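Subject: Structure handover

Hello,

Here is the structure I said I would pass on. Please look it over first; my notes on what was found come after it.

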Amino acid sequence: MRKLEMEEWEKKYIIKEIKRFDQINTMTRRVYADPAMKGSLEDWSSIGEFKEDPAGHTQKDYALRWSSRIYHAVISILNMSKPNPSPLSKVIKETMASSAHTLSYTYRSLDGLKIDTSDPEIITRDLKKAAIFYGADIVGICKLDRRWIYSHTCNKEVGESDAVEYKPQEIHDGFQYAVVMGFEANYNMLRYLTTQIGGAAQDLASARMTITSALVTAFIRNLGFQAIDCTIDDVAITVPMAMQAGLGDLGRHGQLITPRFGPRVRLSLVITDLPLVTDSPIDFGVTEFCEKCKKCAERCPSEAISHEDRTTEPVNISNSTGALKWPMDAEKCRMYPAKVKHPCDTCVVVCPYNKPDTVFHRSVRWLTDHVRWGDPLYIWADDLLGYGNPKPADNFWEKWKPVRGI
Ligand code: SF4
Ligand code: SF4
């Protein structure tokens, strides 16, 4: 694994001008804000129905999954730290503001008192420790690159109407740094995808991400500085900033691939004016490996992943342009789980980088980084050993021995 200078990173990925992406073109917003999308599916929620085949889709399995994600949905809607918070969060904030007692639980003002920042190395060390304590599995810091901040935000109005609140978004110049955090989805549980059990692994990682990001945001504010919680790509595009912060590299499936957890991480972002020390982007051979592999593209059930070379050309309006990557058809990917009514993430599960963080797999990862001619052999062996094949969920509850981390 090699650390890159930012200039090297730019040269590898940015070959055209990056125009700030508009949040209204993300699939999470297009489902209610784009007339071409609305009505194309009856149910966007992918909650699904109980199936005749009960393995992985029983009421207990649904309960496991949908309980995992409850705070993810609620906390992200209530995020008041964003420049353009959701209309619902503003209503709640006003209600809470009417009770000084209630508000005192949400944010403790320290009367402008700021922590000593004469040594940003120490601040950065301690902030990373706090982030890990609060629940992050990996943490990196980068300069806030404003090219990844959404030009506009789009939020649903309160109530049943289809109205949206659509506004330009600016982050003032004082915000100079981004804290990027990764949250591992449990490897063994993820192997039950595409059942609700596998979905629980993804959603629990998302819930941990949402809670930890809120705590890190509060921690920075209690140090006397400003912080914006950008959880669930709500203020900016997270993957390029995670790359700049040295958490990993971009895979063909459009996900960040990390050295320790491969692509099975959820990513969050907190931006701040707290002075910090940045990390460097890393290169551990992902681009070259993905050029040969294509396993995610071959196994994607909706054919959303490119088989071609990297390009700056978009597939549709949901792709940002200017950066060199394998553009993903987000329309197909978002519609697929809603059509089949079960979670997917097949691309993450089958990815040869999706392995437990053990000595053996770390050794193989070292080989994939250093012995390039062996790429076809690694891919062949990965298939031969059956990695990425879904695990049958029959008798799951009888056999399950929950362990954190693997
Ligand atoms: S989540 Fe599923 S549908 Fe979407 S890109 Fe991955 S494999 Fe394809
Ligand atoms: S499955 Fe293969 S091609 Fe796809 S992201 Fe993983 S390593 Fe790259």
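The axes of helix H3 (residues 59-68) and helix H9 come within 7 Å of each other and cross at roughly 15°. Since angles under 35 degrees count as roughly parallel, H3 is therefore roughly parallel to H9. The crossing of H3 past H9 is left-handed. Please keep in mind throughout that this is a predicted model.

On the H3 side, the residues that meet H9 are Asp61, Tyr62, Leu64, Arg65 and Ser68. On the H9 side they are Gln196, Ile197, Gly199, Ala200, Asp203, Leu204 and Ala207. By class, the residues of this contact between H3 and H9 divide into six nonpolar, three polar and three charged.

H11 contributes Phe289, Lys292 and Cys293 to the contact, and H16 contributes Asp375, Pro376 and Ile379. Four residues of the contact between H11 and H16 are nonpolar, none is polar and two are charged.

Next, the sheet. Four strands form an open sheet in the order S2-S5-S9-S6, and their pairing is antiparallel. Strand S2 (138-143) and strand S6 (227-229) are the edge strands, each pairing on one side only. On average, neighbouring strands of this sheet are turned by 25° against each other, with direction ignored.

How many bridges join S5 and S9? There are eight, and the two strands pair in the antiparallel sense. In S9, valine 270 is the bridge partner of aspartate 229, and threonine 272 is the bridge partner of alanine 227.

Is S9 mostly covered or mostly open? It is mostly covered, with eight of its eight residues buried. Val265, Leu267, Leu269 and Ile271 point one way from S9, while Arg266, Ser268, Val270 and Thr272 point the other way; all are buried.

Why does alanine 131 count as buried? A residue is buried if 20 or more other C-beta atoms lie within 10 Å of its own, and alanine 131 has 24 such neighbours, so it counts as buried. Leaving aside neighbours within four places in sequence, alanine 131 is in contact with Ala136, Val139, Val179, Met181, Thr212 and Val216. Alanine 131 and tyrosine 71 are 60 residues apart in sequence, and their C-alpha atoms are 18 Å apart in space.

- The peptide bond from leucine 193 to threonine 194 is cis, with omega near 20°. Threonine 194 lies in the loop between helix H8 (187-190) and helix H9 (196-222).
- Lysine 294 has phi near 65°, a positive value in a residue other than glycine. Lysine 294 is in the loop between helix H11 (286-293) and helix H12 (295-299). Because 16 other C-beta atoms lie within 10 Å, lysine 294 is partly exposed.
- Asparagine 395 has phi near 55°, again a positive value in a residue other than glycine. Asparagine 395 is in the loop between helix H16 (375-384) and helix H17 (396-399). Asparagine 395 has 9 C-beta neighbours inside 10 Å and so counts as exposed.

Regards

Terms used:
Residues are numbered from 1 along each chain as its sequence is written. Chains are lettered from A and ligands numbered from 1 in the order in which they are written. This is a predicted model: local features need pLDDT of at least 70, side-chain atom pairs count only at pLDDT 80 or more; totals for chains, interfaces and linings use all residues. A residue is buried if 20 or more other C-beta atoms lie within 10 Å of its own, exposed if 12 or fewer, and partly exposed in between; C-beta atoms are placed from the backbone. Two strands pair if DSSP finds at least two bridges between them. Axes are lines fitted to C-alpha atoms, for helices over the stretch in contact, and angles run from 0 to 180 degrees between N-to-C directions. Angles under 35 degrees count as roughly parallel, over 145 as roughly antiparallel, 65 to 115 as roughly perpendicular and the rest as oblique. A crossing is left-handed if the near helix is turned anticlockwise from the far one by less than a right angle, and right-handed if clockwise. Two residues are in contact if their C-beta atoms, placed from the backbone, lie within 7 Å. Ala, Val, Leu, Ile, Met, Phe, Trp, Tyr, Cys and Pro count as nonpolar, Asp, Glu, Lys and Arg as charged, and the others, Gly among them, as polar.
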